[in-house]
Amino acid sequence: MKKSSIFGLVVIAIAIAVIISVYSNSSTYGTFNDAKQTNGELHIVGHLDKKKELFYDATKNANYFSFYMTDNKGAECKIVFPGTKPQDFERSEQIVLTGQMLGKEFHASSILMKCPSKYTNDKVETTEFKAKQASI
Amino acid sequence: MNIAFNGEHLLPGHLGQFFIVLAFGSALLSCISYYFATTSTDKFDKSWHNLGRIGFYANTVSVVGIGVCLFYIIFNHLFEYYYAWEHSSRALPVYYIVSCFWEGQEGSFWLWAFWQAVLGNILVWRAKSWEKPVMTVLMLAQTLLASMLLGVEIFGYRIGTSPFILLREALNLKESTPIFNSNPEYYKNYLKYVTDGNGLNPLLQNYWMVIHPPTLFLGFASMVVPFSYAIAGLWQKRYKEWIQPAISYSLFAVMVLGTGIIMGSFWAYESLTFGGFWAWDPVENASLIPWLVLVGALHVMIVYKNTGHSYITATILVLTSFILVLYASFLTRSGILGDSSVHAFTDAGMFWHLVADVVLFLILSISLLAIRWKELPTTTKDEETYSREFWMFVGAIFLALSCFHLVIVTSIPVWNAMFGTKIAPPTDPIRHYNIIQASFAVVITFLTGFTQFMKYKKTDVTRFFITTLIYLVFAALITALVIYVTGVYKLHLVFILIMVGAIYSILANAKIFAEALKGKVKLAGSAVAHIGFGLIMVGALISAGTSKVISQNTTGEQYNADFVAAKNDPRENILMYKNTPVKMGKYTVTYIGDSVSAPNHYFKVDYKVIDTVTGKTTEEFVLRPNSQANRKMGLVSSPDTKHYLFSDLYTHVNMTNVLTADDDAQAAGHDEADDATKYDPPVVYTLAIGDTIPFREGYALLKSVSKVDHIQNIPLASDDVAIGANLQVVSHGKTYDAQPIYIIKNGGVYDFPHKIDELGLKFRFSKVIPAKNKFEITFFQQPESQRKYIVMRAIQFPYINFLWSGTIIMVIGILLSIFRRNKELKTV
């Protein structure tokens, strides 16, 4: 067998190994219900429940932030995040959490949030409005 | 009905839009003309060629014109244009106005088109016989770029987005704002009410943001040149000739894009708060993907030039590298990464346009390759196992594999969109990327090492093994020392292997460099570049692998049950009250104050190293991490870093009660009213001279009581009595004076309290008890939570300077190679 064919086979083997390792490392998007049934970490997409309490008191604990999130299926759960409260969290429209259930709480290891003001235009209008009233 | 709006400046926009259409039209004309000039069989007919050049020059002029119009609009704060309103504001200094240019998609497309035009000019000047076919391809790319800016609606589908769209059109001002809808007079004069723009994202207000995007886009843009040469080579059947000139351009692209990527990571390190220089964010990966492939392509191109092997691999990799640039721009601009990246642009309605761009060039490449496949020069002979070309080829393939992995993971949202699956990225992506990419890096660092001891075609095997082994032993010894000193030995085995590989590569290339100094000057470039690459690996590995969070919250007392239950507990953030020192590692850290330089609010954080034996301060410096209360984005923080030669100390503020996003207009001022709620319930002390009041963070000493002659603007009559209690307040080694005053005036009793805001204290001189010669002081203290604090994180990055200096060395090395290749180049 030619050396290049052997090398070709090695490359294919590595490529397959890469795909398998990515696949086995990848997680899934799920709901709180899914999270209760598995032990592993997963991603949950949802939005902040703005009516319930957001708890962060740096003077008590600078690394404890909790809030309530509703997932896309409508289930709600208390979230605990061991870190500071992300800036502008109240304004977030959508949140993607990574983490797992611990008892009745979902412990997030990362939070990715989206703020509407950055992405759509309607929200920006209100700030524009303020400037207008001031000048009348 | 047309409304005549007052105060709008429509000319620059119309002119700009005209230039956009002209840029598109002229690029298309130039592309077509160059195509016919290439295929024309009549050697003396220069008309197509001339037309192609005219189109190209017109394109260059109009691209510059677009830039000038856009700059005029932003510079003059013409907020009737959406782009200016969205990305700039009046308060911005001039040099950041440049950054506004590329905050939006349109501006960055423009930047790309601008660089392509510049490169086109170089090609028209230098490419000679290659000009016609190469420019055909380049102008095709330019046509597509210009189409991204068109913003013209055709059959109800808007093509591209123009930077010259008006605010009232972009936002549909009339319908979205009730008051404009109800009152046409207001609507006509809407500009009066739009007084300022949204401003530039504070994170982009950094000098690196002025130069990083242009560098990066020059890198992206220059990748079109090797691609164009490859296509031209296949098209014109000049299979062997295209590689030589393409090598120089590839070197240039590798150098510039590499610099751009590292600049980006330096910016992230200096001004973002994720605490590092690389986070494997999809946007970062998107710029790395084409770079890796082009580096691979470059190596096999050199193999082909020297030995005639690997032609097909070289061609495929060059073609792939440019398609990956387009794919990367699809990933970052189409909004598809929405769920997995914080940095990506959102969809500006160009999803299918971007897809079409990728597909067009992909089909062009594949079909040309397929048509010419049988004619491509191949070698029937296998490479020798002990030959440089074989192992360079292996290295190139491994670079491509590493890129393959990045593409697979970064594109997970694309697979989901294509196959309707719901796969999420790995839960710990950084670890995942680190381990797999590190495995590739091990192979690549070793290859850049031992391949240096090989020769093209045939190598003396025994000599090769002896030299390789000697250097390997040396590398292992040095590595053992390095990992022991830096603590890298605690990491995963694969990282230690990279360390061996990188050090081995540095040593082997240092040998080549030494030989180059003795006379084989030709080899200097690659040796220097490889040394630089090795240093980058060493620096990245040590600083990322052994970075230490020193702001660890070790007190433990603040943890509730909830928190202890959390198993992945970073405890990286620490709360610091103003003027209360906290011990972190060897530093005694104190938040000592603030300074404001609008729009930034700087927190002064004092670091002291105190000798435990003598108690003397051996080192002291102040870091000033800042935050900006931004109307649009809330509180945005930037770190400050103390740079030592061998390590960096990085500090950033996560949270504070000193300023909030709402009060960026008015900071302090109104308090008296809510004074009562700001303090804990008062404590009354009855003191004699010399007595003290102890409090949480110090004590107050009643030194004396004296008569006061005048109190601010209150006139004192002769029978009025005013006495002051002279208090000396000591807290954390600092002394303050307080003098609350007690008055008897017109038979009534009053008192004037004295506040020490810095400590959150208030004293009232509330009573005099002459019989006992004692005085009553009412003491107010703000509760802990009312006191000013910051929550900060401090990280130590050891040896990060290897990373930055490695980059500079690599750039120098590539520059040397460019000079060398250009000397060899004899273009016809």
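Two residues are in contact if their C-beta atoms, placed from the backbone, lie within 7 Å.

Some ground rules before going on. This is a predicted model, where local features need pLDDT of at least 70 and side-chain atom pairs count only at pLDDT 80 or more, while totals for chains, interfaces and linings use all residues. Residues are numbered from 1 along each chain as its sequence is written, and chains are lettered from A and ligands numbered from 1 in the order in which they are written. Helices (H or I, at least four residues) and strands (E, at least two) are DSSP runs, numbered from the N terminus.

**Helix pairs in chain B**

Two packed helices are described by the angle between their axes and the distance between the axes. The axes are lines fitted to C-alpha atoms, for helices over the stretch in contact, and angles run from 0 to 180 degrees between N-to-C directions.

| Helix pair | Angle | Axis distance |
|---|---|---|
| α17(B) (388-410) and α19(B) (429-450) | roughly 165 degrees | within 10 Å |
| α21(B) (493-518) and α22(B) (524-546) | about 155 degrees | 8 Å |

So α17(B) and α19(B) are roughly antiparallel to each other, and α21(B) and α22(B) are therefore roughly antiparallel too. The cut-offs are under 35 degrees for roughly parallel, over 145 for roughly antiparallel, 65 to 115 for roughly perpendicular, and oblique for the rest. The crossing of α17(B) and α19(B) is left-handed, and left-handed is also the word for α21(B) and α22(B). A crossing is left-handed if the near helix is turned anticlockwise from the far one by less than a right angle, and right-handed if clockwise. The α21(B)–α22(B) contact includes B:Phe495, B:Ile498 and B:Phe513 on one side and B:Val528, B:Leu535 and B:Leu541 on the other. Its residues divide into 18 nonpolar, 5 polar and no charged.

Chain B is divided into domain 1 (1-200), domain 2 (219-421), domain 3 (426-546), domain 4 (568-658 + 789-798) and domain 5 (675-786), with bounds from an automatic or database domain assignment. The C-alpha centres of domain 1 and domain 5 of chain B lie 68 Å apart.

Most residues other than glycine have a negative phi. B:His77, though not a glycine, has a positive phi of about 50 degrees, and sits in the loop between α2 and α3 (82-87) of chain B. B:Lys237 has a positive phi near 55 degrees, and lies in the loop between α12 (224-235) and α13 (243-271) of chain B. B:Lys237 is exposed, with 11 other C-beta atoms within 10 Å, while B:His77 is partly exposed, with 18. The scale calls a residue buried if 20 or more other C-beta atoms lie within 10 Å of its own, exposed if 12 or fewer, and partly exposed in between.

**Over to chain A**

Chain A has 4 helices and 6 strands. Of its 136 residues, 31% count as buried. A:Ile95, in strand β5 (residues 94-102) of chain A, counts as buried with 22 C-beta neighbours inside 10 Å.

Conventions. Ala, Val, Leu, Ile, Met, Phe, Trp, Tyr, Cys and Pro count as nonpolar, Asp, Glu, Lys and Arg as charged, and the others, Gly among them, as polar.
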